Amino acid sequence: MSIGSFCLVLHSHIPYVLRHGQWPHGEDWLYEAAAESYLPLLAVIDECAFHNASPIFTIGLTPVLLEQLAHEDFRKGLEHYLEDRVDRARQDREEFRRAGERHYEYLAQRWIDFYSKLGEQFAELGRDIPAAFAERARRGLVQILTSCATHAYLPLLCEDSSIRAQIRAGLASSKRILGLPTRGVWLPECAYRGGGPWRPPINWGGKENRIAVDHLVADEGLTHFFVENHLIEGSRSEWSRNGDGWQKVGWDEAGKDPKRGWHSVYEPHLVNSDGSGPGRIAAFGRDPAACERVWSGTIGYPADGVYLEFHKKHGRRRGLRYWKITGAQLGLGSKDPYHPDDITGKVYEHAQHFCQLIVERLRDYHNHTGRRGVITASFDAELFGHWWFEGPQFLRDVILTLNANPDVELHTAESALSAYPPDKTIALPDGSWGEGGDHRVWTNDRINWMWEVEYRCEALFGKMAFELPWETDPQIDSLLRKAGRELLLLQASDWPFMISRQQAVDYGIKRFMQHVSRFESLIDIAEKLGQDSAYLGRMNEVEEHEVRDAEIHDVAFPDIDLNWWNM
């Protein structure tokens, strides 16, 4: 019998960039992630399945990402992107050949082969990445998670109706595009907020009785989500299952029964923020020790000097990479050329070290408690392949190694819940997996002005949806649905993140304000149609242009339902 299980969870997300610029900020983010992460991850799944390793992992595909990957503009764009990369590599190869740089010429040929094979793989998949993941999910190789529609930061949204709409819109997109039900959800930024009194981050009216995120998610039929370790470790005990029944316990139960696994990230826990019952949804906690060896830029495996340097590129627009990290403290001018022959052994070494770490931690937990633990290791999917070029090889070796180890079972989150039904219920504190473990990345002096705008848009949308006759007037219904799309898009956590972290600040501000502007224009037109009897249901030329502008640029979520905002 195994001593425990390993659950690898990858979170895939790119903000809505389709038809909103290309380089350096815009669609290229999407093409890079697809080419360097999503297609290689599909290849990893297939290779592991060939070796009878199953299941492989749990992968979250955010609805806004699915909307883009499923669109024909993306499919054509990725084809052109891959062709451009091959052309760039050929130009580099000739440049290096003329200069007598034989090693760099060899590396350029590798890039030609790499991107050419990706093009062939994309064609073989029918140019449909979401369908490829869905097909593998139906075969039981992976589990696919849904998320909120546009990766909104749920704890800071003003209205519970906005949270419900984000969840419902996300579920609708996942079902429409993937064609299969999803039971697990990735909460954006692993951000959680309990129920009860709530005060916003700005001087805006608070709420005396907010509904907790766990209840809002469970109301939609979802069964599990993921949080950072400190939320599990800082939780309070609420209920305990003994036999077939549940009993209420004190908040200090963990101290009375230390071998039960309270506050441990090695077991999923049911969550009920108000303590009123055992709870309807489970939370998995991320294991920080295991994740640090993969995630850390200082002690993590990706920082090893033999791996491909991400930041140094040859040429400007869409330049290719020919150098290795060499040393983390070295400037880009001091990087040595990349040597692919050094990679296989190093990846194997790191994969074996990681697998041994997993086994040791499961054994320690089993010896301490007598229970079989579940180690949840969650990462941004784009780490593997895009940021860490050799990452997919690492994942392949980890999966195959653990699959061959009788001490460890591979599980998706859903199968882990079935194999290890939670026997404890906890109430979680507020927090996220962002810096400081709280909300500071998404509420600070740089970005709090955005919440004032966002709250005003929430309030205005609710007012118009209540007052205007959209249920009987198709034109008003259409305008409000388009406004609802813009509201979802402006709520994305990506825009404040970019500004807060000083990454693509101008782009983040521009995108947020573009969606705000379109939202306000659509609301204004709908209000005129609904309230001005002299308006006679007509739009002038400028207003027609504003509607077309929104339709042209923002093509996600084509089936907006205004009932999503109903409580």
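N52 is exposed, with a relative accessible area of 67%. This residue of the predicted model sits in the loop between α1 and β2, and its phi is near 65°, a positive value in a residue other than glycine.

**Loop between α1 and β2**
- Besides N52, this loop holds P55, and β2 spans residues 57-61.
- The peptide bond joining S54 and P55 is cis, with omega of about -5°.

**Loop between β1 and α1**
- β1 covers residues 4-12 and α1 covers 27-50, and P24 lies in the loop between them.
- W23 and P24 are joined by a cis peptide bond with omega of about 0°.
- R19 is found in the loop between β1 and α1.
- The phi of R19 is positive, near 65°, and R19 is not a glycine.

**Hairpin of β8 and β9**
- Strand β8 (residues 236-242) pairs with strand β9 (residues 245-248) in the antiparallel sense, over four bridges.
- S240 has Q247 in β9 as its bridge partner.
- Two residues separate the strands of this hairpin, and G243 in the turn has a positive phi of about 70°.

**Nonpolar surface patch**
- W449, I509 and M513 make up a nonpolar patch on the surface, and together they have about 240 Å² of accessible area.
- W449 belongs to helix α14, which runs over residues 448-467.
- With a relative accessible area of 34%, W449 is partly exposed.

How values were computed. Residues numbered from 1 in each chain as written. Predicted model: local features only at pLDDT ≥ 70, side-chain atom pairs only at ≥ 80, totals over all residues. Heavy atoms only, no water. Patch = residues over 30% accessible without salt bridge, like charges linked within 9 Å, V, L, I, M, F, W, Y side chains within 5 Å. Areas by Shrake-Rupley, 256 points an atom, 1.4 Å probe, with all protein chains shown as cover. Salt bridge = Lys/Arg side-chain N within 4 Å of Asp/Glu carboxyl O. Buried < 20%, exposed > 50% of the residue type's maximum accessible area, 1.4 Å probe, protein only. Pairing = 2+ DSSP bridges.
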